[in-house]
2 protein chains.
Amino acid sequence: MSALQVAMAEVARTIEAELERRLPASSADAATGPEARLVEAMRYAALGPGKRFRPFLVIAGARLFDVHDSASLPAAIAVEMIHAYSLVHDDLPAMDNSELRRGRPSCHVKFGEATAILAGDALLTLAFGVLADESGGANGPEATVRLKLIARLAAAAGIHGMAGGQALDLAFANESHQAAEIARMERMKTGELIAFSCEAGAILAQAPERARMALHSYAHDLGLAYQIADDILDAEGSEDATGKSVGRDAEQGKATFVAQLGLEQARRQAGMLAAQAVQHLDLFGEKADLLRSVADFVIRRRG
Amino acid sequence: MSALQVAMAEVARTIEAELERRLPASSADAATGPEARLVEAMRYAALGPGKRFRPFLVIAGARLFDVHDSASLPAAIAVEMIHAYSLVHDDLPAMDNSELRRGRPSCHVKFGEATAILAGDALLTLAFGVLADESGGANGPEATVRLKLIARLAAAAGIHGMAGGQALDLAFANESHQAAEIARMERMKTGELIAFSCEAGAILAQAPERARMALHSYAHDLGLAYQIADDILDAEGSEDATGKSVGRDAEQGKATFVAQLGLEQARRQAGMLAAQAVQHLDLFGEKADLLRSVADFVIRRRG
């Protein structure tokens, strides 16, 4: 395994344990009330076979500034909960109508639509609860910094970020769009949350604006490369490798880079973006080697 | 008009103006992108003919501690956005399937299901953004206090509060339940957000725990009385007066106090709870007169 794979696996284990700790407990609630089904749906959506890509970016980005993992963990958990909620809602019949996710039935297929909607709502709510929670203790970041993180996360997930981007994605279906419009949509839909992940460490460390902006630029190039790679996987990947329904983009007439540029040009574009992303990391010297290898990982992944 | 009606109308105007200021602007976004539809859906759900009952509780509760309206306004706006999002999601076909809300078509009827789901998500997200926003300026509450508010709001809206309560409500459909179980469900579904509203001022003022707990107890009795009154309105109200579909509870086999106790007993129960609510306010003397009259208003309202 490469250094990146080792580091990602290690972070994934930490995240899984911390999610387990932060999510409502399965057994206790199951014993006391019929909301057990909702608890199970939340846990199903957040736990299990995720790459934990965004939490990894949070942790790796924070290490650039010598922010201890324990101090960046709440932001890592919060962004993963937001990501998990977005997958649950995006998969709903009224949205992308996807029945497979991470190699398993989507949340609404398993628990029903009403419970899936509520599980998404509850995960989104809990994400902010985690960032505001005081149990972080004396070593946690100070209150003003945590408020900044919350404001930044709300902006990244809201109308000018992820939620707005998903609305654009739906609006673009069965229409032809220029690559620039698709890039704007993808930047909102996935890029903003990835940007939050990369910047969280700089916010926590109260790093100079120049450092935060470098990570912001890195994240936007990385996010776009990630999304193009995702489109390519959907176009040519197998369900076995990706663990989600494939070929749905074309089926649903989605506006993707692959549809606009073709497979070969899309692959070249992703490579250029990954190379460009890495250049923004010069500021950090070899401390940023892990983030450099992430850019390579993003365009080579098979699932 | 009574003193309460005057005060509520005044707060409603303030809230409307502040919501207008905090929501994404209609014209600007409409001109620049196809996410205009989502912006319109958010505005449709949050603006217009609401009673602004929860924001009023926030403002009135904060005045008990001489917290200026400008300092409690963000909490008032946040709780109203959470309330608005919950109505949008609760009305969805997979949930309560209600087509009428506040005298107008429900959000999903007007904008489609996908946009309604996203509008709810974006309002929920924006609520936390408002509480974390730094533009409050030097007169705003300090950061630790604002984090407490965010944590409290997340708890009230999440799995152990509103979202969990809605799950119980759905699970209880077409089943017979004891009044105590219904009370627990209602306490989670509507009571927790009302409790947040009543306690927000005490949190902002860093008031003694005894004062916050008195408002907590007041809120729980008030919330239950409010919900029973709501059930009664659904059972015997008219769509003209309530502005939402009525008779749906019985139609959907919902577990309500009216179904369990009958109309007369439910009405008596609401009266007892309102009287009990008021007793918790003794601590505050005549400063709490407005909140006292709220208890009376809650059980007498016709819509």
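Because the model is predicted, local features are taken only where pLDDT is at least 70 and side-chain atom pairs only at pLDDT 80 or more, while totals for chains, interfaces and linings use all residues. Residues are numbered from 1 along each chain as its sequence is written, with chains lettered from A and ligands numbered from 1 in the order in which they are written.

The contact between the chains draws 45 residues from chain A and 45 residues from chain B, two residues being in contact if their C-beta atoms, placed from the backbone, lie within 7 Å. On the chain A side, α3 (36-46), α7 (113-132), α8 (143-157) and α9 (162-172) each supply at least two residues. Helices here are DSSP runs (H or I, at least four residues), numbered from the N terminus, and strands would be runs of E of at least two. The biggest share comes from α7(A), which gives the most to this side with 13 residues. By class, the side of chain A that touches chain B holds 29 nonpolar, 9 polar and 7 charged residues. In this scheme Ala, Val, Leu, Ile, Met, Phe, Trp, Tyr, Cys and Pro are nonpolar, Asp, Glu, Lys and Arg are charged, and the others, Gly among them, are polar. Since 100% of the interface residues of chain A are also interface residues in chain B, the copies meet through the same surface.

Turning to α3 in the other chain, helix α3 of chain B (residues 36-46) is mostly covered, with 8 of its 11 residues buried. A residue is buried if 20 or more other C-beta atoms lie within 10 Å of its own, exposed if 12 or fewer, and partly exposed in between. Among the buried ones in α3(B) are B:Arg37, B:Leu38, B:Met42 and B:Tyr44. After α3(B) comes B:Gly48, with a positive phi near 95 degrees.

Helix packing inside the chains can be looked at through two pairs. Helix α15 (residues 263-279) and helix α16 (residues 289-300) of chain B have axes that come within 9 Å and cross at roughly 170 degrees. Axes are lines fitted to C-alpha atoms, for helices over the stretch in contact, and angles run from 0 to 180 degrees between N-to-C directions. α15(B) and α16(B) are therefore roughly antiparallel; angles over 145 degrees count as such, those under 35 as roughly parallel, 65 to 115 as roughly perpendicular and the rest as oblique. On the α15(B) side, B:Ala270, B:Gly271, B:Ala274, B:Ala277 and B:Val278 meet B:Arg292, B:Ala295, B:Asp296, B:Val298 and B:Ile299 of α16(B). That contact has 7 nonpolar, 1 polar and 2 charged residues.

In chain A, helix α1 (residues 3-22) packs on helix α4 (residues 53-63) at about 105 degrees, with the axes 9 Å apart. That makes α1(A) roughly perpendicular to α4(A). Here A:Met8, A:Val11 and A:Ile15 meet A:Pro55, A:Phe56 and A:Ile59, giving 6 nonpolar, no polar and no charged residues. A:Met8 counts as buried, with 23 C-beta neighbours inside 10 Å.

The largest nonpolar core has 212 residues, of which A:Ala119, A:Leu123, A:Ala225, B:Leu123 and B:Ala225 touch the most other members. Such a core is a set of buried Ala, Val, Leu, Ile, Met, Phe, Trp, Tyr and Cys residues joined through C-beta atoms within 7 Å. Beyond its neighbours within four places in sequence, A:Ala225 contacts residues including A:Ala270, A:Leu273, A:Ala295 and A:Ile299.

Finally, two loop residues of chain A deserve a line. A:Asp66, in the loop between α4 and α5 (69-90), has a positive phi near 55 degrees and counts as exposed, with 9 C-beta neighbours inside 10 Å. A:Gln206, in the loop between α10 (179-204) and α11 (209-236), has a positive phi of about 50 degrees and is partly exposed, with 13 other C-beta atoms within 10 Å.
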